[in-house]
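Okay everyone, thanks for coming. Have a look at this one on the screen, and then I'll walk you through it.

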Amino acid sequence: MLSFERLYKDGHEEVIFFSDPSCNLKVIVAIHNTILGPALGGTRMWQYKSEEEALDDVLRLSKGMTYKAAVSGLNLGGGKAVIIGDPEKDKSEALFRAYGRFLESLNGRYITAEDVNTRVEDIEHIFTETSNCVGVAEVHGGSGNPSPWTARGVFRGIQAACQKVYGDKSLKGKRVALQGAGSVGRFLGEYLYNEGAEVTVCDISEKNIELFKEKVPNAKVVGIDEIYDVDCDIYSPCALGATVNDNTIDRLKCKIVAGAANNQLAEDRHGEILKEKGILYAPDYLINAGGLMNVSIEFEGWSEDKAVRMVDSIFDTTLDVFRISDEQNIPVNKATDVLAESRIEAIKNIKGKYLGNLPHRFPGRKTRH
Ligand code: NAD
């Protein structure tokens, strides 16, 4: 249930319900924190079993975006939106345009993008009504598919982990067990292959394995449950969350866990167990932030140079997190939170809350009219 007690507990600033019965629009927008800048996070469309479940999801996801933006050095806050509906049946131009009009009324406090089950075509309809969205089509000045950028950042995070564990960032001869040959997994596989790593991959989709083999011809394929037992240097989860859990953690034979999937640790305590076992964890929400970094520069005018510079900074930030983890003797997942929270706290003390001055910071950005 939504209550002020709950918002106070997790620090959410604002939760908004938008509805328009004419097009069956039911959206919840959660703005978690705007100290660093306007809240940015995608809009997810899902057939939630209940409104309560949708609310839980949007509150959890929006808080995660605050931490991701903060640790990535972005001048953005955290927010997220969920549309309650069946993406196969309930999508329409009217629904996304109605949603766009509501977003416009937030005056730039929340900026949306694609997420699970929302595509660039949907964002285009939103963009007809408001400029407060990113991930728009390249023909309209957008930045296109975020997955290659996410993969690049994950690769930089893996290199940082190798630097820490092996004293050398090179992937040459390193054995990587890659779970998930989807959009990010494929691009990551290509980076690893080009750097001379030996990749073992699994996926539930035969088609995606085939596409993966086009990029990584010497990849070894194993079953989806066998991936946890692969003798390797790096386990890279790029499919699902919570795969480091009580059932898998003792099976992992790696020195490093580093991948693109969100929320890889089933619970925080699994970060402590990894530390005790001498397995270095490269924090998910830091090393998978390349896609977010990439869309974040759409407002100021996207350029490949800028995107590369930002995404490659993940290497140094990951090393910073490892240093904090060592200095404070805390698990890496906690050290990442420390870095994110300390940045928010420092900026809060100098300039207070973001005041919605987006048009001044990003002049020249227009809607699609
Ligand atoms: P995707 O849907 O393109 O790929 C996921 C792949 O995992 C698919 O090939 C799917 O068949 C496979 N899969 C599903 N269940 C599996 C299982 N049990 N075992 C093995 N494979 C399984 O998604 P993506 O865009 O590549 O994202 C991968 C992960 O990274 C997701 O967790 C996503 O939330 C996260 N992520 C993605 C981005 C991005 O830019 N795409 C950004 C940040 C985080």
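Quick housekeeping. This is a predicted model, where local features need pLDDT of at least 70, side-chain atom pairs count only at pLDDT 80 or more, and totals for chains, interfaces and linings use all residues. Residues are numbered from 1 along each chain as its sequence is written, and side-chain values use heavy atoms, leaving out hydrogens and water.

Where are the domains? Domain 1 covers 4–66 + 76–133, and domain 2 runs over 147–330, with bounds from an automatic or database domain assignment. Their centres, taken over C-alpha atoms, are 28 Å apart.

What touches what? Seven residues of domain 1 contact five residues of domain 2, contact meaning heavy atoms within 4.5 Å. Together the two domains bury about 490 Å², with 73% of that on carbon and sulfur atoms; buried area is the accessible area (1.4 Å probe) that two parts lose on being put together, summed over both. Leu40, Met65 and Leu76 supply 46% of the area domain 1 buries against domain 2, more than any other three residues.

Now, the ligand. Which residues are closest? Of the 21 residues that surround the ligand, those are Thr150, Ser183, Val184, Asp203 and Asn208, where surrounding means having a heavy atom within 4 Å. The side chain of Thr150 has an N or O atom 2.6 Å from a ligand oxygen. For Asn262, a polar side-chain atom lies 3.2 Å from an oxygen of the ligand, while Ala260 brings a polar backbone atom 3.3 Å from a ligand oxygen.

Key. A polar contact is a pair of N or O atoms within 3.5 Å; within protein, one must be able to donate a hydrogen and the other to accept it, and residues adjacent in sequence count only if both atoms are side-chain atoms.
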